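Okay, thanks for coming, everyone. Let me put the structure up, and then I'll talk you through the strands, the core and the pockets.

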Amino acid sequence: MPDLLTFFGPTERTITRSRERRTVTMRRSYDATPAELWSAWTEPERLARWIGELAGDRVVGAEVRLTMGPEDTAELRIETCEEPHRLAVSWSFPGEEDSRVEVLLDAEGEATALTLRHSLVTEKTAVDYGCGWEDFLNRLHEFLAGRDPADVAWSDAEEQLKPHWEAAAKNL
C-alpha cells in the first residue's frame, strides 16, 4: 500500500464550525491548467473516469444526478458555474440534510490550486466527507496523470486519511 500522503502531494485540510454545522475544506495543487481541471469536473465523459456518472442538463438552476457507486447517488442543483474558476452545487444525499459543494480553481504559475469546500454538513458526516472527497481528489490526480483512477483503493484512503480528518475535526 503506497503512502498516500506522500504520493499525491500535500493537501491542506480543515474543518470549521458555524453553530451546529461544519465546513470541510481541502486545497491541493495540480500540474494542470484551470481549463484542464475544469473539464475534468464538468465534462460527463471525463468526470465518469474518476468520480462517477453525471446525468442531467449542466446549466445553472438545473438538477443533475451524480452516481458514484451502486449505493452512492447525490442529487445536485447547479448554483454557480463560472468557467473555468468556480462551480457550486447544492448537494442532496439520501438520509442527510442538504449541503453545498463549491470547487474553486486558481492558476498558480504552471499549476492550478483546487479548493474544495463542502459546507453545511453535520458533525457526524464532516470526517467522512473530508476523507471521501480527498479520495476522489486522489483519483482526479491519477486521471490527470494518465493513470487508472480505479487503482486508488478506498480502503487505503480510509485507513490513511481518516486519522488526519479526525484530527482536523478535533481542532475546532
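Predicted model: local features only at pLDDT ≥ 70, side-chain atom pairs only at ≥ 80, totals over all residues.

**Strands, core and pockets**

Residues are numbered from 1 along each chain as its sequence is written, and side-chain values use heavy atoms, with hydrogens and water left out.

Helices (H or I, at least four residues) and strands (E, at least two) are DSSP runs, numbered from the N terminus. Strands pair if DSSP finds at least two bridges between them. Strand S7, residues 99-108, pairs with S8 in the antiparallel sense over nine bridges. Two residues sit between the strands of that hairpin, and Gly109 takes a positive phi near 65° there. S2, residues 21-30, also runs antiparallel to S8, joined by eight bridges; Met26 has Leu116 as its bridge partner in S8.

Buried here is under 20% relative accessible area, exposed is over 50%, and partly exposed is in between, with a 1.4 Å probe and protein chains only.Now the core, meaning a set of buried Ala, Val, Leu, Ile, Met, Phe, Trp, Tyr and Cys residues joined through side-chain atoms within 4.5 Å. The largest nonpolar core has 42 residues, and Trp41, Trp50, Trp91, Leu114, Trp133, Leu140 and Trp165 have the most contacts inside it. Helix H4, residues 123-144, gives the most to this core, with nine residues. Leaving aside neighbours within four places in sequence, Trp165 is in contact (heavy atoms within 4.5 Å) with residues including Met26, Val127 and Glu134.

Last, pockets. On a 1 Å grid over the protein atoms alone, a pocket is an open set of points with protein on both sides within 12 Å along at least five of seven lines, where a 1.4 Å probe fits, and lining residues have an atom within 4 Å of a point. About 630 Å³ of space lies in the largest pocket. Its lining has 24 residues, and closest to the centre are Asp72, Asp128, Gly132, Phe136 and Trp154. H4 gives the most to that lining, with ten residues.

The second largest pocket holds about 370 Å³. Of the 23 residues lining the second largest pocket, Trp41, Thr42, Leu54, Leu87 and Val89 lie nearest its centre. S6 supplies the largest share of that lining, four residues.

Notes
Points joined across faces, edges and corners; volume = space filled by probe spheres on them.
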